Amino acid sequence: MYMMILHKFSEMRVHLVPKLSKCVYKGRFEIWPSKEWELESIHSFEVLQMVREHLSAVIGCRGNANVTDTWVTTKIQRLRLCRLYAASILYGYFLKSASLRHFLERVFSISNFNIGGQGQSRLPVSEIFSVESNVIGCVGQMSQENLRFYVMGFDQEMIQMCAKPKSIEAMNLIERHSCALFGDEVTGLLETDDVITTSFASLKRFLLEAVDFGSFLWESENSVSDVYMLDEN
């Protein structure tokens with residue numbers, strides 16, 4: 001799964017941030033180039049809006065901030081940065097799961113319509129995705145609920161269902177990746193909980209990577225589960 005995620009990033013020509021200690025110089029953490037456009041390019045418009053809302057909420061930088069504002073520095077504890085990174089991975093995983101669920105519910109709601117009149121049978125599921133079928137065209141004409149409002153209607157059980165990785169392997173991957181970024185090479189524990197100075201631009205870049213990592217994790221987990229039996233989380 002990890003190799004599939006790395007391949008996804010390589011396709012975008014984006015290098016994952018290396019061990020944090022290698023990026024911090026005299027207490028300053030900066031990432032350049034930001035690759036912000038590439039990291040945002042994998043998301044649909046609706047998902048990207050939610051990603052930007054997430055970043056604004058966790059780092060306190062407005063989505064429409066100008067260049068000067070984004071390079072203003074802020075201070076953050078290493079432990080908090082680690083938690084934000086892991087949380088952003090899970091948020092990316094959640095958005096991928098929720099957006100697919102949203103899409104499928106919109107598509108399959110077509111089957112609630114009687115095709116050709118009251119008395120005729122409903123269209124078989126296999127024909128919904130048929131090239132010859134004109135039902136796909138109806139999707140764009142149907143009332144489409146915004147993804148953000150759709151997600152706001154989730155109860156706690158549904159949120160957990162979409163946000164919780166389905167396999168133990170995926171959970172272990174998140175833990176090991178986080179340890180590789182923040183942990184000591186020998187123990188794997190957090191190296192230090194010192195305060196780091198960084199810019200909002202670098203912080204945004206770092207957490208954008210985490211969101212994309214979560215999205216790619218969802219894809220790779222589903223691909224691998226088609227071939228191998230993964231342990232249920």
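In this predicted model, begin by selecting the 4 strands that form an open sheet of mixed pairing, in the order β1-β2-β4-β3. The strands at its edges are β1 (24–25) and β3 (73–77), each of which pairs on one side only. Zoom in next on β1 and on β2 (residues 28–29), which run antiparallel and are joined by 2 bridges; here V24 stands opposite F29 of β2.

Helix α6 (residues 78–108) lies across β2, β3 and β4 (195–199), running at about 90° to β3.

Stay with helix α6 and select S97, which is found in it. Is this residue, S97, buried or exposed? S97 counts as buried, because its relative accessibility is 15%, and the cut-off for that class is under 20%. Apart from neighbours within four places in sequence, S97 is in contact with C162 and W218.

Finally, show helix α4 (residues 45–59) together with α6: their axes come within 11 Å and cross at roughly 155°, which makes α4 roughly antiparallel to α6. The crossing of these two helices, α4 and α6, is right-handed. To display the contact, select E46, V47, M50, V51, H54 and V58 of α4, and R80, L84, S88, Y91, L95, S99, H102 and R106 of α6. Coloured by class, the contact of α4 with α6 shows 7 nonpolar, 4 polar and 3 charged residues.

Technical notes:
Residues numbered from 1 in each chain as written. Predicted model: local features only at pLDDT ≥ 70, side-chain atom pairs only at ≥ 80, totals over all residues. Heavy atoms only, no water. Pairing = 2+ DSSP bridges. Contact = heavy atoms within 4.5 Å. Axes fitted to C-alpha atoms, helices over the stretch in contact; angles between N-to-C directions. Buried < 20%, exposed > 50% of the residue type's maximum accessible area, 1.4 Å probe, protein only. Parallel < 35°, antiparallel > 145°, perpendicular 65-115°, else oblique. Left-handed = near helix turned anticlockwise from the far one by under 90°. Nonpolar A, V, L, I, M, F, W, Y, C, P; charged D, E, K, R; others polar.
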